[in-house]
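Keep the structure open while reading.

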Amino acid sequence: MKRTALLALLLLASACSRTDPAAQFAAAQKAFAAEDYAAARAQVLGALEGDGSNRDMLLLYARTQLRLGDGDGAQAALTHLEEAGFSGPELVHMKAKAAILRGQPQAALNLLGQDNGAEAWRLRAAAESALDNAPAALEALRRGLAANPRHYALVHDYARFLIAAQDYPAAGKAVETLRQIGPARLDTLMMTGTLAAEQGQFDGAESSYKAAAKAFPSRIEPLTALASLAEMQGRIDAAGSFVAQAAKIGPGHPEVIDLTVLLASEKGDWETVRKTLVGRETSLDPRSANAMSYAEALLRLGHPEQARAMFAQALLLSPQNPYARIMLAEAQLAVGDARSALRTVQPLSSSVLAGERELDLAVRAATAARDPSVGALTARLQSPALKLNQQLVSAGQSALVRQDWSAALAAFGKIPGHENDAEALRLMAIAASRLGQVDLAFGYADRALELAPRNADMMHTAALVRLEAGRDRDQMLRLMKQASQLDPANRLFRVDLARAVATNG
């Protein structure tokens with residue numbers, strides 16, 4: 001938003017309100033303190049209509065825009081503040097934050113210069129994350145915490161980083177610090193819920209999110225979190241109810257759109273998926289859930305060629321994504337390219353973890369391609385053992401979600417052929433590592449990597465068990481770097497690489 005855009009907003013406020021500027025500014029301050037930033041922005045714009053050069057009002061407007069993620073709007077206000085003589089570290093920090101929001105992270109780093117304060121380190125971490133430099137981001141967070149271990153926003157960002165890295169014990173300590181500093185703040189309640197949800201503690205997560213929704217009824221985040229949690233538990237109607245409530249607050253909010261698409265996809269309502277995303281599809285990351293839901297909608301609505309192109313791009317960028325793989329095979333089969341469909345689905349259908357969907361698709365592709373493998377595939381699909389195997393797979397996956405590592409290890413270990421299946425061994429390595437059975441974890445992970453030496457997931461797991469055990473650090477770092485190079489967009493890989501670099505530093 002340029003200066004002219006700010007002036008346009010002020011004119012709009014002038015047309016809509018003649019309330020006393022001081023009263024509106026007081027209302028804006030109150031809304032800001034209550035973390036109702038949308039209301040704060042509306043009120044401060046009304047106040048600025050009557051006193052457009054007021055530095056305190058412009059400062060609150062800039063702070064509000066930053067909280068709302070509007071870097072252009074914040075930059076417009078900051079320009080006015082500079083012209084009015086406002087200067088100092090806070091201005092620099094706000095300009096750096098605005099630059100990050102505007103997609104200019106390097107400019108933010110330049111602005112921060114040699115500032116060694118906690119807030120500057122927090123902003124450097126955000127800028128480095130935007131530059132996909134997770135090791136530098138983690139280093140900045142740690143240096144900031146060394147400067148001020150009770151800087152609320154910094155501790156919050158550190159907790160978020162640790163949760164993304166699945167380092168839950170360390171994340172728990174950071175969240176506890178948040179509770180000590182700001183127990184009633186929205187971010188504290190949300191981060192508490194997120195940590196609980198990531199550890200499979202759904203009741204605790206729901207309690208935190210509901211407390212946030214009650215305390216902050218104008219904020220969309222608790223409602224979308226509750227919707228996501230309900231969806232994870234298969235409570236689709238409840239998820240839809242939370243999304244509907246969130247849509248009343250912000251119908252065009254990205255999280256509302258994401259959840260609308262997700263729930264419509266699960267219901268097979270492909271027309272709603274298409275209508276929701278049409279016009280946005282060119283801006284979607286091909287690997288994102290929305291992009292692949294849109295591609296599936298095209299496939300289901302009779303546009304297989306377009307779907308094939310989208311899924312092919314997604315799989316190229318994220319070769320370990322099973323959904324992208326199976327949907328590309330479906331699209332290839334739909335356009336009559338059965339031979340390619342069979343090749344695409346083969347890594348999934350050949351696994352001992354394969355279920356009816358993967359095997360049915362492989363049978364259909366092999367039949368259409370007149371491939372001799374159709375007999376063996378059909379026999380597997382019709383085998384009485386398939387149902388038992390799938391019960392074990394389901395039990396193992398459920399145990400992983402609730403972090404019952406012993407149950408997960410037992411379930412996957414009962415699947416015939418698991419000892420020669422890379423994905424089964426990878427999952428067992430994770431479970432063994434979390435149980436502290438280091439030698440067993442190394443054995444599973446290294447065997448998985450031996451079976452699939454170019455698979456980024458296998459590299460990452462072999463590195464992760466070493467990272468968690470604190471052993472074989474050179475090999476750990478080499479494998480972690482290789483995994484990140486093969487799948488550079490994988491956030492888990494990036495944050496674990498940062499942890500690996502910090503450990504070896």
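This is a predicted model: local features need pLDDT of at least 70, side-chain atom pairs count only at pLDDT 80 or more; totals for chains, interfaces and linings use all residues.

E206 counts as buried because its relative accessible area is 17%, and the cut-off for buried is under 20%.

Helix α11 runs over residues 168-181 and has 14 residues. From its first C-alpha to its last it reaches 20 Å, close to the 20 Å expected at 1.5 Å a residue. Its buried residues are Y168, A171, A174, V175, T177 and L178. An α-helix has 3.6 residues a turn, so residues three or four places apart point the same way.

P183 is found in the loop between α11 and α12. Is this proline buried or exposed? P183 counts as exposed, because its relative accessibility is 52% and the exposed class begins over 50%. Not counting residues up to four places away in sequence, P183 touches L178, T188 and L189. L178 is also one of the buried residues of α11. The C-alpha atoms of P183 and L328 are separated by 47 Å, with the two residues 145 apart along the chain.

As for confidence, the protein chain averages a pLDDT of 93, and 96% of the residues score at least 70. Over residues 10-17, however, the pLDDT is below 50. Beyond near neighbours in sequence, that stretch has 9 contacts in the model.

Key. Residues are numbered from 1 along each chain as its sequence is written. Side-chain values use heavy atoms; hydrogens and water are left out. Buried means under 20% relative accessible area, exposed over 50%, partly exposed in between (1.4 Å probe, protein chains only). pLDDT is the predictor's confidence in each residue, from 0 to 100. Contact means heavy atoms within 4.5 Å. Helices (H or I, at least four residues) and strands (E, at least two) are DSSP runs, numbered from the N terminus. The expected span of a helix is 1.5 Å times one less than its number of residues.
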